[in-house]
Amino acid sequence: MDHNLNYRRRIADRLLLEQLDAAGVVLIQGPKWCGKTTTAIQAAKSIKYMDWPRELEKNLFMAEENPEVLLEGEVPRLIDEWQLAPQLWDAARFTVDRRGKPGQFIFTGSAVPADKSKIHHSGTGRFAWLTMRPMSLWESGESNGTISLTNLFAKKNSSAIAPDYSLDDLCYLICRGGWPSSLAMNRKASLRQARNYISAVCESDISRVDDVKRDATFARRLLRSYARHQGSQVPISTIYTDLSSSEGISMSEDTISSYIAALKKIFVIEDMPAWNPNLRSKTAIRASDTRFFVDPSVAAAALGLGPKDLQNDLNTLGLMFETLAIRDLRVYAESIDGEVFHYRDRNGLECDAVIHLHNGNYGLVEVKLGGSKLEEEGAGNLKKLSSKIDTDKMNEPSFLMVLTGLGSYAYQREDGVLVVPIGCLKD
């Protein structure tokens, strides 16, 4: 298999190889343009492009009549856009059982299959899942990687010098996003990528995902409303009210919910679940998911904002930076066998991100643009939440971190709280 000599290494490369050692089929899922196929090609020995126009009709016919033929080839065999023929799932499961070896297939898909009726088995024990997102700053080369999450969990804290970011640089990284194809483009062209992505989602992908015709204009307005509420736990009813009052829309809440479900199926929206720790005193924890996009550039493009707009509106910039920070934390957490959650209780105490590893260890993170006042506020929140945790029933946090957009150094404060510019962080 010819590999791209200009390929920029991804965190998912290692995860894919580890999963191929453990499972018969590895399913890589994530939004379009995030690099799933390119990453899969690095590990594959043969490829079947299901959506190649010249062979699409033949591929779909063969998937119905004799799907095993599509799976023939040197392994690992990549089946790209497998969701176009969901019956390949059962065929791959059967082939894996027959061969009795891991590492047989890589499935890539930018959507959940529209017709799950053609899948009859769960895939338990044969399939492994790998989620890819747009590039983190470490993967795109904008983070120097001097502070590692792995080391923070091992209590190996260190100081470091951060890259020399200006406010303009940070605003640009937010609006450009982590789309691999944009890295080689000039600034103007790279910023256009996110707008093109929004157009593709609204004009085509949101309808193609489950063959339900959806209104592109309404989809754009919904994305704009979602962007206004990113980082919050607003219910559908609030988005409905927002759309009704500001856009003159007559869509029902059920319709809005169906559009959001479709956007989740194509991995544009990735909400964050709530964290539910053991606390010393009874506190009602808000269980609602927090609204987020898979990449900050989607939110910026949905609102029609560029880097200069963000510089002139620091409140919106703070929300956009939080989305960038959550994207990167999710990429790094997956690499170290963890997930990212949000905490909020009825008293208003919040924690922007809780990185919880499957071994029970966790770190608490507050996301702030930068500056001593905001860092102090973030550190205060972290210490307050940490003091509420019942350490007889769960571990103490491995670290408390204020993750900043700007700043010259990563360091540990006298109270033990870490202050880390995002340009220092990696997995």
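Trainee: What makes a residue part of the lining of the second largest cavity?

Mentor: A lining residue has an atom within 4 Å of a cavity point, and a cavity is a set of points on a 1 Å grid over the protein atoms alone where a 1.4 Å probe fits but cannot get out. Here the lining is made up of Ile-147, Leu-152, Ser-158, Ala-410, Tyr-411, Leu-418, Val-419 and Val-420. The elements that contribute two or more of its residues are β12 (409–412) and β13 (418–421); strands are DSSP runs of E of at least two residues, helices runs of H or I of at least four, both numbered from the N terminus. β13 gives the largest share, three residues.

The model is predicted, with local features needing pLDDT of at least 70 and side-chain atom pairs 80 or more, while totals for chains, interfaces and linings use all residues. Residues are numbered from 1 along each chain as its sequence is written, and side-chain values use heavy atoms, without hydrogens and water.

Trainee: How many residues of that lining are nonpolar, polar or charged?

Mentor: Seven are nonpolar, one is polar and none is charged. Nonpolar covers Ala, Val, Leu, Ile, Met, Phe, Trp, Tyr, Cys and Pro; charged covers Asp, Glu, Lys and Arg; the others, Gly among them, are polar.

Trainee: What is the space in each cavity?

Mentor: The second largest cavity holds about 30 Å³, and the largest about 100 Å³. Volume is the space filled by probe spheres set on the grid points, which are joined across faces, edges and corners. The count is two cavities of 30 Å³ or more.

Trainee: Which elements each supply at least two residues of the lining of the largest cavity?

Mentor: They are α1 (11–22), β5 (127–131) and α14 (314–335). The lining includes Ile-11, Leu-130 and Val-331, and by class it has six nonpolar, one polar and five charged residues.

Trainee: At what angle do α1 and α14 pack, and why is that called roughly parallel?

Mentor: The angle is about 30°, with the axes 10 Å apart. Angles under 35 degrees count as roughly parallel, over 145 as roughly antiparallel, 65 to 115 as roughly perpendicular and the rest as oblique; therefore α1 is roughly parallel to α14. Axes are lines fitted to C-alpha atoms, over the stretch in contact for helices, and angles run from 0 to 180 degrees between N-to-C directions.

Trainee: Why is Glu-72 called exposed?

Mentor: Its relative accessible area is 52%, and exposed means over 50%, buried under 20% and partly exposed in between, with a 1.4 Å probe and protein chains only. Therefore Glu-72 is exposed. Glu-72 sits in the loop between α3 (56–65) and β3 (77–80).

How values were computed
1 Å grid on protein atoms, 1.4 Å probe; cavity = no way out; pocket = protein on both sides within 12 Å on 5 of 7 lines; lining within 4 Å.
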